[in-house]
Amino acid sequence: MWKLNMAFCIAVGFGCFIIAIIKTIQAEGKKRR
Amino acid sequence: MAEIKKGGDQFSSRWGLLCTILGMAVGTGNIWRFPREVASNNGGAFIILCFLALFIWAVPLICAESVFGKKTRMANAGAFKVLLGSKFAWVGAFCAMVCIMLGCYYVVVLGWVTKYLLLIATGFLDAVRTGGTEFATQFFTDFATTPPSYEAWGWFVFAIVISAVIIFRGIQGGIETANKIMIPAVFLLLAALLVRVALLPGAWKGFEYMYHIDPQDFLNPRIWLAAFTQAAWSSGAGWGMFHVYYVYAAKDEDIELNSFTVTFGDMVAAMLAGMVVLPAVFALSPDPEAIMKAGANGLTFVHLTNLFANTPGGFIMAVLFFLALFSAALSSVIAMLETGTRNLMDMGFSRVKATVYVAIFFFFVGSASALNNKVFENQDMVWGVGLLVVGLIYSLASIKYGIDRLWDEDIAPCSDIKVKWMWTCIKFFPLEFAFVWGWWMWDAASWYPGEWFKFWPITVYQYTPGVMIFEWAIIAIVCILLNKFIAARLVHTNKID
């Protein structure tokens, strides 16, 4: 159970952060174009 | 309306702003508070509730602060004057003062960490290896917690000087440059430590302790309280410092996406720290639970130091850990100093003069905390809980100005994600505040049966509701008395065009 929760927490925490960074890179790229 | 001053400061890029606001958020709350909170709140459920708190507490509050700074291009007092009227300038000044009072004692921690970083680099671990936990405990007690702590005071002064030098150099040359180096460094140092710790035999017990989940914990209000408090104190949401940094943001800065990024970046830093500290303690210590209950200072300056001293490769681990802690603490102190500086700059002072005045204030007020640990602990409680009040002020100010109006005028037009509910949660903040703040006050009262209202001497009644209200009232009264003077001088915006 703890392994499942670990996978879930890492997916949510790191996942949201990485998605936000990717969105920011895309937005900055759009602005430059 | 504020007078326009030509040629203001601005971050060189969005990444510069993001590193700086992440630097403000990532601090000791992530590295030494989060692992301890995870341990004392039974692991997994606490972390999941932290995620919930990020969405409904941190993101909307960070948006509220940021929009005030970006819209007015003035710091706390000036923004409240411009958006709500001259008679409200004192409210913004109060928010800034709570943040500055917090900085006055927080810089003491930066001094401790600087001293330990230097100690570890010069062979302190050898002495700890020989003397053990007793030596490490005695050393920290003599250094920092036995008044008058003259040596800790010396490092406190040094920490103010380092921070002031960065602020002197301005936004791009000082604050942004420092954070662009320190914040990626914090993540890389923690990631490197995580790899080393994960290879220790028995480290998995720490991961299990951190992530094990008991469904009953979701019904425990204390764990909810701890999760929301952690989100509030770690992310820095509603403290007024995001507000100050957004004074230097570009006109089309995406407040909502940036708030989301910084909130989860802060959580990632906390999770990395948790996955370093807990497995290290479980792999290396015969009694891990006792260590996790030793308090922040005991955990960091005594037990972790002792564990590093007795581990192969522990020197490198200790240097990496204290470098990460130093970078995190310094980037937060810079934000607190800049809050005072920007508010004074809005009143017409030059950056150099404003920085000197704020540094002198830090020196005089913070010296009491540096010299006497009981004063430090009092200030930690009073201004830590006071920051929740600042969050309430920002939510009420947003409601008064108009939640939809702020969304339509300032957040949505520049947002790439446009998730309105994350912003509109701000209207429920007063209820969240009542739960968290009310519980803290109730808890504090229960520690002093029949004496909860007493406040003097503060070294005896360190945590009473009486002492908290007494100290907040002093700051509020000073701000109210100076309101006319402050409002009249708040005419210098950071207008770029």
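In this predicted model, A:Glu28 and A:Lys31 form a salt bridge, with their closest N and O atoms 3.3 Å apart. The two residues sit 3 places apart in helix α1 (residues 2-32) of chain A, so about one helical turn separates them. A:Glu28 counts as buried because its relative accessibility is 12%, while A:Lys31, at 45%, counts as partly exposed.

Between chain B and chain A the count is 2 salt bridges, and over all chains the count comes to 18.

Chain A itself has 1 helix and 0 strands. Its C-alpha atoms fill a box of roughly 45 × 10 × 5 Å along the principal axes. Of the 33 residues in chain A, 30% are buried. The chain exposes about 2,300 Å², and carbon and sulfur atoms supply 71% of that area.

The size of an interface is often given as the accessible area lost when the parts come together. For chain B and chain A the buried area is about 2,100 Å², with carbon and sulfur atoms giving 81% of it. On the side of chain B, the residues that lose the most area to chain A are B:Arg14, B:Trp15 and B:Tyr211, which together account for 25% of what that side buries. The contact takes 27 residues from chain B and 20 residues from chain A. Across this interface there are 2 residue pairs in polar contact. The elements of chain B that give two or more residues to the side touching chain A are α1 (14-25), α3 (44-72), α9 (203-211) and α12 (255-284). Of these, α12(B) gives the most, with 9 residues. By class, that side of chain B has 19 nonpolar, 4 polar and 4 charged residues.

Helix α1 of chain B also holds B:Ala25. B:Ala25 counts as buried because its relative accessibility is 4%. Beyond its neighbours within four places in sequence, B:Ala25 is in contact with B:Asn30, B:Ser234, B:Ser235, B:Phe242, B:Val262 and B:Asp266.

Another buried position is B:Ser332, at 3% relative accessibility, in helix α15 (residues 314-346) of chain B. The side chain of B:Ser332 reaches two backbone oxygens: that of B:Met24 at 3.3 Å, and that of B:Ala328, which lies 3.1 Å from a polar atom of the side chain. Leaving aside neighbours within four places in sequence, B:Ser332 is in contact with B:Gly23, B:Met24, B:Val26, B:Gly27 and B:Tyr106.

Two further salt bridges lie within chain B. The side chains of B:Glu409 and B:Lys71 meet at 2.8 Å, N to O. B:Glu409 lies in helix α18 (residues 403-411) and B:Lys71 in helix α3, so the pair ties together parts that are 338 residues apart in sequence. B:Glu409 is partly exposed, with a relative accessible area of 39%, and B:Lys71 is partly exposed at 27%.

The other pair is B:Arg222 and B:Asp443, whose closest N and O atoms are 3.1 Å apart. This pair links helix α10 (residues 221-235), which holds B:Arg222, to helix α20 (residues 429-446), which holds B:Asp443, the two residues being 221 apart. B:Arg222 counts as partly exposed at 43% relative accessibility, whereas B:Asp443, at 13%, counts as buried.

How values were computed: Residues numbered from 1 in each chain as written. Chains lettered and ligands numbered in written order. Predicted model: local features only at pLDDT ≥ 70, side-chain atom pairs only at ≥ 80, totals over all residues. Heavy atoms only, no water. Contact = heavy atoms within 4.5 Å. Buried area = accessible area lost by both parts, 1.4 Å probe. Salt bridge = Lys/Arg side-chain N within 4 Å of Asp/Glu carboxyl O. Polar contact = N/O pair within 3.5 Å; in protein donor to acceptor, adjacent residues only side chain to side chain. Helix = DSSP H or I, 4+ residues; strand = E, 2+ residues; numbered from the N terminus. Nonpolar A, V, L, I, M, F, W, Y, C, P; charged D, E, K, R; others polar. Buried < 20%, exposed > 50% of the residue type's maximum accessible area, 1.4 Å probe, protein only. Areas by Shrake-Rupley, 256 points an atom, 1.4 Å probe, with all protein chains shown as cover.
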